[in-house]
Amino acid sequence: MEFVLYLMLIILFTKLAGDLSVRLGQPSVLGKLIVGIILGPAVLGWIQNGEFIHYFSEIGVLLLMFIAGLETDLDQLRKNWKSAFAVAVGGIILPFLGGFAIGEMFGFAYHNAMFMGVILSATSVSISVQVLKDMNKLNTREGSTILGAAVVDDILVVILLAVLMSFFGTGESVSIGLLITKKVLFFAVALVVGWFVVPRVMKWMAPLKVTEAVIAAALMICFAFAYFAEIMGMAGIIGAFAAGIAISQTSFKHTVESKLEPIAYSIFVPVFFVSIGLNVSFEGVGSQLGFVLLLTVIAILTKLFGGGLGARLTGFNNHSSLIIGSGMISRGEVALIIAATGLQSGLLQQQYFTSVIIVVIVTTLVTPPLLKYMFRDPVRAKQK
């Protein structure tokens, strides 16, 4: 029953830390992320990473992105697709070059330096989504662009990783054509199923004489989309997000949203936030402190200005461009998965793995306060 103790500690301390964070003028998610570092192996060692944490955190991030999909303004997303694409491309090119340059500077082999660029190119929008939700900014023009850019970023980075693995990885070669075909197929199927099948499934299950049939149907659709996304080479969170958008177009949107949020935010989402901090370990980092600091600075600045440049070139003003760039900084669970993949395929050297993980966590911790700061009213900020 140790997992029950873990769950109790996570729920208690994430709520306390989230409240303290808000009282200090920061987004609640910052406190929750820090709690993971404190409770985990890096500091107190009260909670260890394991199957329970892994599965609960997976469900947590899927539900988080599913709810984001439910709350997304589809018209706003459609209007900003050009900006989203430009932000994603800018947010990949600059970080890739920055990561590659750091690798070259520290004497990495060519393929190891390129992989460092791939890690910095990744974006995890799940943390930004929570901050945007907390501030009621999810359906602003900037919020919609961040969401759209994160989807495009996921596609391009996976293709980039596949190209690198096919040329330099120690595992099986990857067919780039097949990879792109699977991604196109995912979006085609998701569009058709979301438009024609999802509303019918919801209407069919809603009258069933069982408890919470609507929520059961919504969760079934969410997990089915997420699983399909994974087998098509996409991140599961993209599938969950697409499922949320599909259900948001039905009459069941508000019912699902009001009943699902208590489940997600009381148990599963807190475990996801804590799980990120549990990956931190400071063993052997002292000798690579310069590498960690430099890579962290490059990781933050290249995403901020790379994504911001894409936004600026597609009509956003300087302030909005910086907001969008800030929302793309977090590498989160996406970069953690890429780093683990790189380690297995020989693209990431073992001795740098811990340092890279720390950089990923720092970018994730920086995003909430920076995004909130950037979203402040510029007029009021000048008056202060």
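This is a predicted model: local features need pLDDT of at least 70, side-chain atom pairs count only at pLDDT 80 or more; totals for chains, interfaces and linings use all residues.
User: How much space lies in it, and how many cavities of 30 Å³ or more does the structure hold?

Analyst: About 50 Å³ of space lies in the largest cavity, and the structure holds two cavities of 30 Å³ or more. The second largest cavity has a volume of about 40 Å³, and α8 and α11 are the elements that give two or more residues to its lining.

User: What lines the second largest cavity, by name and by class?

Analyst: Met65, Val125, Leu147, Ala150, Val151, Ile237, Ile238 and Phe241 line the second largest cavity, and by class this gives eight nonpolar, no polar and no charged residues.

User: Now the pockets: what volume does the largest pocket have, and which residues lie nearest its centre?

Analyst: The volume of the largest pocket is about 1100 Å³, and among the 35 residues that line it, Glu58, Glu230, Glu333, Val334 and Ile337 lie nearest its centre. By class, the lining of the largest pocket has 22 nonpolar, nine polar and four charged residues.

User: Which helix gives the largest share of that lining?

Analyst: For the largest pocket, the largest share comes from α3, with seven residues, while the elements that each supply at least two residues include α10 (213–231), α12 (253–277) and α15 (332–345).

User: And the second largest pocket, what is known of its volume and lining?

Analyst: The second largest pocket has a volume of about 900 Å³ and is lined by 27 residues, with Leu74, Leu77, Phe187, Leu191 and Ile245 nearest its centre. Its lining takes its largest share, seven residues, from α8, and divides by class into 20 nonpolar, six polar and one charged.

User: Where is Leu44 placed, and why does it count as partly exposed?

Analyst: Leu44 is in the loop between α2 (28–39) and α3 (51–71). Leu44 counts as partly exposed because its relative accessible area is 41%, and partly exposed covers what lies between buried, under 20%, and exposed, over 50%.

Terms used: Residues are numbered from 1 along each chain as its sequence is written. Side-chain values use heavy atoms; hydrogens and water are left out. Helices (H or I, at least four residues) and strands (E, at least two) are DSSP runs, numbered from the N terminus. Buried means under 20% relative accessible area, exposed over 50%, partly exposed in between (1.4 Å probe, protein chains only). On a 1 Å grid over the protein atoms alone, a cavity is a set of points where a 1.4 Å probe fits but cannot get out, and a pocket is an open set with protein on both sides within 12 Å along at least five of seven lines; lining residues have an atom within 4 Å of a point. Grid points are joined across faces, edges and corners, and a volume is the space filled by probe spheres set on the points. Ala, Val, Leu, Ile, Met, Phe, Trp, Tyr, Cys and Pro count as nonpolar, Asp, Glu, Lys and Arg as charged, and the others, Gly among them, as polar.
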